[in-house]
Amino acid sequence: MEDYVLPESLILDVLSRLPVKTIVRCKCVCKKWRDLVSDTYFVDLHLSRSRPCLMFHQYKNPHPILVFVEVEHEVDYDRLTLGHVKSLDLGLIAFRSLNQIFEVGSINGLICLRHEGYAIYIFNPVVVEEYMILPELTFLDFFSRVSYGFGVSMGGEYKVIRIIGRRIPEEQFMASVEIEVYTLGTDQWRSLGPTPYHIDYRGLLVSGVFVNSHVYWFDYIQIYDFDLDTETFELTPPPAGLGDDHEAKQMLGVLKGSLSLFSGSSLGFNVWVMKESSWHKAIAIRETIDPIFRSQGWKPLCLIDGLNGTSILILCVKEDRENVVGYCLNTNKILDLNIPGNYWMVISTYRPSFIKTPKLWIRES
């Protein structure tokens, strides 16, 4: 009797549907499977099926850590189940000082972190043996601000964008805006010069949100858009009525592949979605709002897609203690997470992949 061997295409199809943690373990089974998982065809196949996960950025002594978890939305039980995949001690990778580390963004499994005053790091937390280092802006005066974004153009060029806001002495709290771009593989920052826009220098500290070859920043009620293909920086009109609720806490995110904007307060909340360059109100809740939104002790952290077309807000809630919870924006129900948090915790969505840092970018650890 001949030994029965599964076709390679079938093995790849099965492997690409498994949880990331299981795939990592499968790489250790034999050299054949390790090579299959490293193959370009498998990497692309897995990425096309990869579901959004959560990345927890926790500030702990002596070093901050990244915790990467897979999310299972159990609709019938109103809960999110988190499956731990990996924890990374950033002090053991590349970061050696006490300066803060900020997340810039992630695309196709590559994550970009900014080590304040030192460097920008790009790596894949699933395949972390290699990382890229970009020089950080070395000096800013007290009245200037800097923000970053990370994205990929339609042509496949990965770019880091740096927005520098420099104070205008004759205009209180206002700053002029300059743009710099680093295209991965070029080994240099390029200045695009000043823009015609002025911003409030007390804002624009949050990193940009990447959607479909664009990176967006939210500064109070202003939304700025950088086109990664044309390398143009423009002001995008916000949704009508966005600034009417002065108590609202607002945040940009991505839902179902589209730019989304959450705005919520004790009066209720709205979610707008960008479709064909126009804002459409997707969700609005007033009378039935959950009691947690009727206090000031909550903070929106990120948006993530749930099952059956639902949308989920991840937020930190201050009650007897600080907890991270999920909130289904469609069913108006709290989703149990049962994990402690703090008001300074950073949580973002992340699509895991097995993409390696191209050889041109490598700085070996």
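What follows is a short chat about a sheet and some salt bridges in a predicted model.

Trainee: What should I know before reading the numbers?
Mentor: Residues are numbered from 1 along each chain as its sequence is written, and side-chain values use heavy atoms, with hydrogens and water left out. As the model is predicted, local features need pLDDT of at least 70 and side-chain atom pairs count only at pLDDT 80 or more, while totals for chains, interfaces and linings use all residues.

Trainee: How many salt bridges are there?
Mentor: The structure has 11, where a salt bridge is a side-chain nitrogen of Lys or Arg within 4 Å of a carboxyl oxygen of Asp or Glu.

Trainee: Which residue does Lys159 meet in a salt bridge?
Mentor: Glu231, at 2.8 Å, N to O. Lys159 lies in strand β9 and Glu231 in the loop between β14 and β15, 72 residues apart. Strands are DSSP runs of E, at least two residues, numbered from the N terminus.

Trainee: Is Lys159 buried or exposed?
Mentor: Buried, at 3% relative accessible area. Glu231 is buried too, at 19%. Buried means under 20%, exposed over 50%, partly exposed in between, with a 1.4 Å probe and protein chains only.

Trainee: What else does Glu231 meet in a salt bridge?
Mentor: Arg190, at 2.6 Å, N to O. Arg190 is partly exposed, at 27%. Glu157, Lys159, Arg190 and Glu231 form a network of salt bridges.

Conventions: Helices (H or I, at least four residues) and strands (E, at least two) are DSSP runs, numbered from the N terminus.
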